[in-house]
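Please read it alongside the sequence and the structure shown here.

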Amino acid sequence: MYTIGQVSEMFGLPISTLRYYDKQGLFPEMERVSGIRKFNDTELEALRVIECLKKSGLEIKDIKQFMDWCVKGASTYSQRKALFEKQRETLEAEIAHMNQVLDMLKFKCWYYGQAAQDGSEDRVRSMIPNGLPEDVRKAYENAHHD
């Protein structure tokens with residue numbers, strides 16, 4: 001069993017956030033000893049899932065729905081799976097978008113590095129796209145992919 005302070009340190013979360021999660025019903029089976037919250041391994045795993053879902057963009061009300069499904073048991077497996085699949089797809093799309101942004105930054109770093117060496121953009125501009133080094137060309141293509 002862990003105190004709220006210990007869990008706060010373990011997860012790097014403010015105690016107020018843990019209290020808020022509890023008030024929202026995200027720890028439905030949490031034990032209290034003389035009114036003091038006691039976190040066990042079940043709550044720690046729930047907190048890992050809560051933080052994952054939160055970081056994936058899910059709102060607390062939707063995380064609460066997920067936790068309610070967990071309490072209902074096996075009959076909600078398909079709903080829980082669908083929720084995770086949707087969040088995975090959303091996150092994969094966001095990662096693909098961010099990789100596109102990163103590739104533009106990589107390309108432009110290379111581009112302006114070459115232009116600075118040459119004192120002009122003429123040579124590097126003439127290399128686009130087929131004359132670019134392979135890694136730079138891949139970054140360029142991904143950055144310009146719609």
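In H3, the residues Glu-43, Leu-44, Ala-46, Leu-47, Val-49, Ile-50, Glu-51 and Leu-53 are buried, where buried means under 20% relative accessible area, exposed over 50% and partly exposed in between, with a 1.4 Å probe and protein chains only. Helices (H or I, at least four residues) and strands (E, at least two) are DSSP runs, numbered from the N terminus. The model is a predicted one, in which local features need pLDDT of at least 70 and side-chain atom pairs count only at pLDDT 80 or more, while totals for chains, interfaces and linings use all residues. Residues are numbered from 1 along each chain as its sequence is written, and side-chain values use heavy atoms, with hydrogens and water left out.

The cover over the buried residues of H3 includes helix H1 (4-11), helix H2 (15-23), strand E2 (36-38), H4 and H5, contact being defined as heavy atoms within 4.5 Å. The 15 residues of H3 should span 21 Å at 1.5 Å a residue, and its end C-alpha atoms are 21 Å apart, which agrees; the expected span of a helix is 1.5 Å times one less than its number of residues. Cys-52 also lies in helix H3, but at 44% relative accessibility Cys-52 counts as partly exposed. The C-alpha atoms of Cys-52 and Tyr-140, which are 88 residues apart along the chain, are separated by 32 Å.

Helix H5 (residues 77-118) has 42 residues and reaches 61 Å from its first C-alpha to its last, close to the 62 Å expected at 1.5 Å a residue. Its buried residues are Arg-80, Leu-83, Gln-87, Asp-103, Phe-107, Trp-110, Tyr-111, Gln-114 and Ala-115, and these pack against helix H3 (41-55), helix H4 (60-72), helix H6 (122-127) and helix H7 (134-143). Arg-88 is likewise found in helix H5, and at 45% relative accessibility Arg-88 counts as partly exposed. The C-alpha atoms of Arg-88 and Gln-6, 82 residues apart along the chain, are separated by 30 Å. Just after H5, Gly-119 takes a positive phi of about 80°.

Two helix pairs are set out in the table. Axes are lines fitted to C-alpha atoms, for helices over the stretch in contact, and angles run from 0 to 180 degrees between N-to-C directions.

| Helix pair | Axis separation | Crossing angle |
|---|---|---|
| H4 and H5 | within 9 Å | roughly 150° |
| H1 and H2 | 9 Å | about 110° |

H1 is therefore roughly perpendicular to H2, and H4 and H5 are roughly antiparallel to each other; angles under 35 degrees count as roughly parallel, over 145 as roughly antiparallel, 65 to 115 as roughly perpendicular and the rest as oblique.

Where H4 meets H5, Phe-66, Trp-69 and Cys-70 in H4 touch Gln-79, Arg-80, Leu-83 and Phe-84 in H5. By class, this contact of H4 with H5 has five nonpolar, one polar and one charged residues, with Ala, Val, Leu, Ile, Met, Phe, Trp, Tyr, Cys and Pro counted as nonpolar, Asp, Glu, Lys and Arg as charged, and the others, Gly among them, as polar.

Asp-22 lies in helix H2 and, at 9% relative accessibility, counts as buried. Leaving aside its neighbours within four places in sequence, Asp-22 is in contact with Phe-27, Met-30, Arg-32 and Arg-37.
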